[in-house]
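Hello,

Here is the structure I promised to pass on to you. Have a look at it first, and then read my notes below.

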Amino acid sequence: FEIQRRSARLEADYEYFQKEKEWLLQQQEREIMAQRKSNQQMAIIIFILTIALFLGILLTNIIRNRRRLHTAHEALKASHARIELQKAELEKQAEELKAANKDKSRLFSIISHDMKGPLAYTFMAIDMMEEKGDAYREKTLPLIRENIVNVYNLMENLLEWSKIQMNSENMELVDFDLYKTVTEVNKGIFNQ
């Protein structure tokens, strides 16, 4: 009888330990599941924060680009107004130039003379590049040379014409700031 009681006791203890072991395993599973759920929630929060940060950066860039566009638009309007003023001034100057034919002839003479030197230098530079040769330059340099020759011939003709014109009339020189005018026109063109 004692053996049966001990045997029953051992069986009860065994069953108790098995249930306790099973309960501990279930508890560990619940903890693991809770940890996974917490990790998933953290991943979702991180994802949402990343998306929010991305959208914030995107919105900031859009706002910054709109401001830049607005600034560029205002600059373009100001440039357009300056160009309109310059246009009016140029039209006035054109009328004055029509009345002063001798000044025009002298101006063409100066321009032709001043361009002759740079064009001659360009010929020498092209000749040097042609000596080095390569397929690209062989195709393009003849076209460049032909265009420069045409410009050079035009300048020669313009110089001759202006010499003839100067011999027949007296001229009146008018000073103006060519650099300023060209700079303003370039700003208007390149800032668009």
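E74 and K77 form a salt bridge, with their closest N and O atoms 3.7 Å apart; the term stands for a side-chain nitrogen of Lys or Arg within 4 Å of a carboxyl oxygen of Asp or Glu. By this rule the count is one salt bridge. E74 and K77 are three residues apart in helix α1, so about one helical turn separates them. (Helices are DSSP runs of H or I with at least four residues, numbered from the N terminus.) E74 is partly exposed at 34% relative accessibility, and K77 is also partly exposed, at 45%. Here buried means under 20% relative accessible area, exposed over 50%, and partly exposed in between, with a 1.4 Å probe and protein chains only.

Please keep in mind that this is a predicted model: local features need pLDDT of at least 70, side-chain atom pairs count only at pLDDT 80 or more, and totals for chains, interfaces and linings use all residues. Residues are numbered from 1 along each chain as its sequence is written, and side-chain values use heavy atoms, leaving out hydrogens and water.

Next, the aromatic rings. The structure holds one aromatic pair. The ring centres of Y16 and F17 are 5.8 Å apart and the planes stand at 65°, so this pair is edge-to-face. (Rings of Phe, Tyr and Trp, its six-membered ring, pair if their centres lie within 6.5 Å; planes under 30 degrees apart are stacked, over 60 edge-to-face, the rest tilted.) Y16 and F17 are both exposed.

Finally, I62 lies in helix α1, which covers residues 2-99, and is partly exposed at 40% relative accessibility.

Best wishes

Conventions:
Helices (H or I, at least four residues) and strands (E, at least two) are DSSP runs, numbered from the N terminus.
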